[in-house]
Amino acid sequence: MIKKRRHISILLLTHNEEKNLQKYWGWLNKVKRVNEIIVIDDNSTDQTREILKNFESKQIKVKIFERGLDNNFSDQRNFAITKTTNNWILWLDADEKPSASLIRFLNHIGNLEYKNYAFKRNDIFIGQELKHGENSSQYFLRFFNKKYGHFTGAVHEIWQSPMKTKHHKAHIHHYPHQSLKGFIKKINFYSDIRAQELFDQNEKTNLFQIIFYPIAKFIQNYFFRLGFLDATPGIIMALGMSFHSFLVRAKLWHLLHQ
């Protein structure tokens, strides 16, 4: 019996991503199993949608849906899944691209033993790859069968599944925050969402947490996770993540007392 060729849907959230799409998405025609890209666009005002339409080919269908983020990334991704025609989903951000090893894996998937696959992510921050710190040894679940889970978490969403996850040796290149202005803007944006999420979960905070959580975060990333070995970008990232921790708790305190 001839087996049906297994196809992959790419899931992508966008908001004014024209620069990232132009710089990092030239790999699409190399992944032969991808036959659709499901895009949920949060009211982009640049050329994002026009660039995405140019990605369409005989092989790949691009489907764009306009939907406001409303400060919940999981809702966006779960909505996107309802629009996919394939069971196997690869989710990426606009500032990410698969490595050559990941492309080879995707091109040769057959009878997959697992329902979830996680990959290491290499962060290239303001022009330098970070080899230490917060994300240096983390795996991110990015390829899965949609029948066995759902997205959770308003921000820094994850695919939650009862099935086992395979940690694969392939990796993803990540190009976040190519300017300090953009880095600070995102810290402020994500801390807004995280503080509201904790507030909605009836979480509390106090002066001790506001002071010492950020300090502990910096010590963990810069010293214990060897962020200092990444030189100046390493300390900028460690301080930025510490500032994010401070803002989350300060904003949560404000929500609790307004």
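## A charged network

Glu-96, Arg-121, Asp-123 and Arg-142 are linked in a network of salt bridges (a salt bridge being a side-chain nitrogen of Lys or Arg within 4 Å of a carboxyl oxygen of Asp or Glu). The model is predicted: local features need pLDDT of at least 70, side-chain atom pairs count only at pLDDT 80 or more, and totals for chains, interfaces and linings use all residues. Residues are numbered from 1 along each chain as its sequence is written, and side-chain values use heavy atoms, with hydrogens and water left out.

Helices (H or I, at least four residues) and strands (E, at least two) are DSSP runs, numbered from the N terminus. Both Arg-121 and Glu-96 are buried. Buried means under 20% relative accessible area, exposed over 50%, and partly exposed in between (1.4 Å probe, protein chains only).

## Other salt bridges

The whole structure holds twelve salt bridges. Side chains of opposite charge can pair when their charged atoms come close. Arg-77 pairs with Asp-93, with the closest N and O atoms 2.8 Å apart. Arg-77 is in helix α3 (residues 73-81), while Asp-93 is in the loop between β4 and β5 (96-98); the two are 16 residues apart. Arg-77 counts as buried because its relative accessibility is 1%.

Lys-217 bridges to Glu-134, the closest N and O atoms being 3.6 Å apart. Lys-217 belongs to helix α6 and Glu-134 to the loop between β7 (128-130) and β8 (139-145), so the bridge joins parts 83 residues apart in sequence. Lys-217 is partly exposed, at 24% relative accessible area. Glu-134 is also partly exposed, at 22%.

## Nonpolar cores

The largest nonpolar core has 34 residues, and Trp-25, Phe-105 and Phe-143 touch the most other members. Such a core is a set of buried Ala, Val, Leu, Ile, Met, Phe, Trp, Tyr and Cys residues joined through side-chain atoms within 4.5 Å. Elements giving two or more residues to this core include β1 (8-14), α1 (18-24), β2 (34-41) and β11 (165-174). Helix α4 gives the most, with four residues. Apart from this core lies another, of 18 residues, among them Ile-38, Leu-69, Leu-141 and Ala-154.

Trp-25 has contacts (heavy atoms within 4.5 Å) beyond four places in sequence with Ile-10, Leu-12, Asn-20, Phe-55, Leu-92, Asp-93, Ala-94 and Glu-96.

## Thr-84

Thr-84 is placed in the loop between α3 and β4. With 9% relative accessibility, Thr-84 counts as buried. Its side chain reaches the backbone oxygen of Ile-81 at 2.7 Å. A polar contact of 3.0 Å joins the side chains of Thr-84 and Lys-146. A polar contact is a pair of N or O atoms within 3.5 Å; within protein, one must be able to donate a hydrogen and the other to accept it, and residues adjacent in sequence count only if both atoms are side-chain atoms. Leaving out residues up to four places away in sequence, Thr-84 touches Ser-9, Glu-36, Ile-38, Ile-89 and Lys-146.
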